[in-house]
Amino acid sequence: MASRDNRPRQRRPLPAGEQFFTPGATGLRKAVEARSATPMTFLFTQVPRWAAPAVLVILLLTGFAVPNWPGGVAVLPVLGFVGWLAYLSWPSLGLGGRLLRLVMLAFLAVLAADRFGAF
């Protein structure tokens, strides 16, 4: 694909790091990491950097603004994405990082539940 000035578009390199997978992972974690490799590679190399955060912010703002079930539906992809990233990053986090992710997931779950009429 060419850019606007007819130069070939350069693909972004993968982020630097020691390993993509958790060392010694077995069972569910190994399966989730293996299945997540393709979407994460696509997300971080082919999608413009601003696209994922922009879509997530729009969905979250929609969840805040719409007080009934469509607001809850808008929050669900944000909850899923944050949960997915929290699960993948969990082994490398300290106590503070884990606590922050749990609080964020709880907040998003309560927001979605509120929009679906649970409270």
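This is a predicted model: local features need pLDDT of at least 70, side-chain atom pairs count only at pLDDT 80 or more; totals for chains, interfaces and linings use all residues.
Residues are numbered from 1 along each chain as its sequence is written, and side-chain values use heavy atoms, with hydrogens and water left out.

**α2 against α3**

Start with helix α2 (residues 51-65) and helix α3 (residues 69-89): their axes sit 7 Å apart, at an angle of about 140 degrees. Helices here are DSSP runs of H or I, at least four residues, numbered from the N terminus. That angle makes α2 and α3 oblique to each other (under 35 degrees is roughly parallel, over 145 roughly antiparallel, 65 to 115 roughly perpendicular, and the rest oblique). On the α2 side, Leu56, Leu59, Leu60, Thr62 and Gly63 meet Gly71, Ala74, Val75, Pro77, Val78 and Phe81 of α3; contact means heavy atoms within 4.5 Å. Sort the residues of this contact by class and you get eight nonpolar, three polar and no charged, with Gly counted as polar.

**α2 against α4**

Now for the other partner. α2 and α4 pack at about 45 degrees, with axes 10 Å apart, and that makes α2 oblique to α4. Here Leu60, Gly63 and Phe64 from α2 meet Phe107, Leu108, Leu111 and Arg115 from α4. This contact has five nonpolar, one polar and one charged residues.

**The aromatic pairs**

How many aromatic pairs does a search of the whole structure find? It finds two. Rings of Phe, Tyr and Trp (its six-membered ring) pair if their centres lie within 6.5 Å; planes under 30 degrees apart are stacked, over 60 edge-to-face, and the rest tilted.

| Pair | Centre to centre | Angle between planes | Kind |
|---|---|---|---|
| Phe64 and Phe107 | 6.1 Å | 45 degrees | tilted |
| Phe81 and Trp84 | 5.7 Å | 55 degrees | tilted |

Phe81 and Trp84 both belong to α3, three residues apart, about one turn of the helix.

What about accessibility? Phe64 is partly exposed at 39% relative accessibility, and Phe107 is partly exposed at 41%. Phe81 is partly exposed too, with a relative accessible area of 22%, and Trp84 counts as partly exposed at 22%. For scale, buried means under 20% relative accessible area, exposed means over 50%, and partly exposed is in between (1.4 Å probe, protein chains only).

Notes: Axes are lines fitted to C-alpha atoms, for helices over the stretch in contact, and angles run from 0 to 180 degrees between N-to-C directions. Helices (H or I, at least four residues) and strands (E, at least two) are DSSP runs, numbered from the N terminus.
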